[in-house]
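Hi,

Here is the structure I said I would pass on.

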Amino acid sequence: MTFQMDRIDRRILKLLQKDGRLTNAELAQKVSISPATCHRRTQRLIEEGFITGFRAMVHPPAVARGALVMVGVVLDRSTPESFAAFEAAIRKLSFVLDCHLVAGDFDYFLKIRVQDMADFNKLHGEQLIAFPGVRQIRSFFVMKEVTDNAPLDF
């Protein structure tokens with residue numbers, strides 16, 4: 001049987017996106033159901049893969065990661081092997097927050113947080129340009145973050 005979300009499930013998801021620290025009792029009250037029912041529904045949303053995890057959102061400048069850099073990467077070859085080698089190398093780097101295979105002028109876009117431009121320059125010179133199969137890297141320093149990690153609209 002395929003799980004079908006209803007309006008209560010959607011409300012639970014929206015509320016948890018906004019504040020993942022809500023207690024089960026608070027969440028139940030906000031969606032007007034009993035705490036036991038709320039717990040069962042939340043567990044089902046986790047088991048069905050609608051909720052993939054919970055974590056704290058850390059203010060980047062507070063941990064010396066105030067500079068955001070978007071990096072476009074072009075590989076030498078567009079083959080499954082070159083993509084796999086690049087992706088394996090990227091997964092090992094803790095400073096890469098996101099990596100997306102994209103269509104268009106670049107093969108990948110990376111989202112990287114660093115302390116400052118000098119910090120990025122060091123990463124660029126020592127690690128990024130040495131990745132397997134990289135032909136070109138273009139870096140874009142973010143001047144203003146208008147919105148980041150916004151909740152999904154559904």
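R113 and E145 form a salt bridge through their side chains, with N and O 2.7 Å apart. R113 sits in strand β3 (residues 108–114) and E145 in the segment after β4 (134–141), so this contact ties together parts of the chain that are 32 residues apart in sequence. R113 has a relative accessibility of 8%, so it counts as buried. E145 comes out at 37%, so that one is partly exposed.

Before you read too much into any of this, keep in mind that the model is predicted.

Two of its links both involve D9.

- R41 to D9: the side chains meet in a salt bridge at 2.9 Å, N to O. R41 belongs to helix α3 (residues 35–47) and D9 to helix α1 (residues 7–18), which puts the pair 32 residues apart, in distant parts of the chain. Both residues are buried.
- R44 to D9: here the closest N and O atoms are 3.5 Å apart. R44 is also in helix α3 and D9 in helix α1, so this pair ties together parts 35 residues apart in sequence.

For the overall tally, the structure holds 7 salt bridges.

Cheers

Definitions and conventions
Residues numbered from 1 in each chain as written. Predicted model: local features only at pLDDT ≥ 70, side-chain atom pairs only at ≥ 80, totals over all residues. Heavy atoms only, no water. Salt bridge = Lys/Arg side-chain N within 4 Å of Asp/Glu carboxyl O. Helix = DSSP H or I, 4+ residues; strand = E, 2+ residues; numbered from the N terminus. Buried < 20%, exposed > 50% of the residue type's maximum accessible area, 1.4 Å probe, protein only.
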